[in-house]
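Let's walk through this structure together, from one end of the chain to the other. Have the sequence and the model open as you read.

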Amino acid sequence: MRYLLQFLLILAVSFLGELIHRVVPLPIPASVWGMAILLACLLTRVVRPEHVRETGHFLLAVMPVMFIPAGVGLLASWGVLRPSLLPVAVITLASLATVLAVTGLTAQYLIGRKGRRRHG
């Protein structure tokens, strides 16, 4: 029963994200709205981590399975995607390199800042 309640809580927050997406005329996906609401609820202690912990671990464990339909959809659309494969591959690699670099630099900055705070 605990898992069902945790899942319903996550689903309710996702539904709120869907509602906000429909009402607010910004190009922000509903899933991002939902994650922002859940983050705000966790930070303000409206929702405590133990209220969603087990279901969150389960959803993370099964996440790779959720990519199978997307992969099958890409294979089914191969004829449409084939002409633009090179530009998509270049954009994907450039985006990957940018995200890796920004993430690495941000992590190094935060780790250095944390170290200076401890020792300084």
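Helices here are DSSP runs of H or I with at least four residues, numbered from the N terminus. This is a predicted model, in which local features need pLDDT of at least 70 and side-chain atom pairs pLDDT 80 or more, while totals for chains, interfaces and linings use all residues. Residues are numbered from 1 along each chain as its sequence is written, and side-chain values use heavy atoms, without hydrogens and water.

Start with helix α1, where you will find L11. At 45% relative accessibility, L11 is partly exposed, a class lying between buried (under 20%) and exposed (over 50%), with a 1.4 Å probe and protein chains only. L11 also belongs to a nonpolar surface patch of about 800 Å², together with M1, L4, L5, F7, L8, F58 and L59. Such a patch joins nonpolar side chains within 5 Å, from residues with over 30% relative accessible area and no salt bridge (Lys or Arg side-chain nitrogen within 4 Å of an Asp or Glu carboxyl oxygen). Helix α1 gives the most to this patch, five residues, and α3 also supplies at least two.

Now look at L9, also in α1 (residues 2-23). L9 is partly exposed, at 26%. Beyond its neighbours within four places in sequence, L9 is in contact (heavy atoms within 4.5 Å) with V47, H51 and V52. The C-alpha atoms of L9 and T55 are separated by 9.9 Å, although these residues stand 46 apart along the chain.

Finally, visit the loop between α2 (30-43) and α3 (53-66), which holds R45. Phi of R45 is near 65°, a positive value in a residue other than glycine.

Definitions and conventions:
Patches are made of residues with over 30% relative accessible area and no salt bridge: like charges are joined within 9 Å, nonpolar side chains (Val, Leu, Ile, Met, Phe, Trp, Tyr) within 5 Å. Accessible areas come from the Shrake-Rupley method with a 1.4 Å probe; for residues, only the protein chains shown count as cover.
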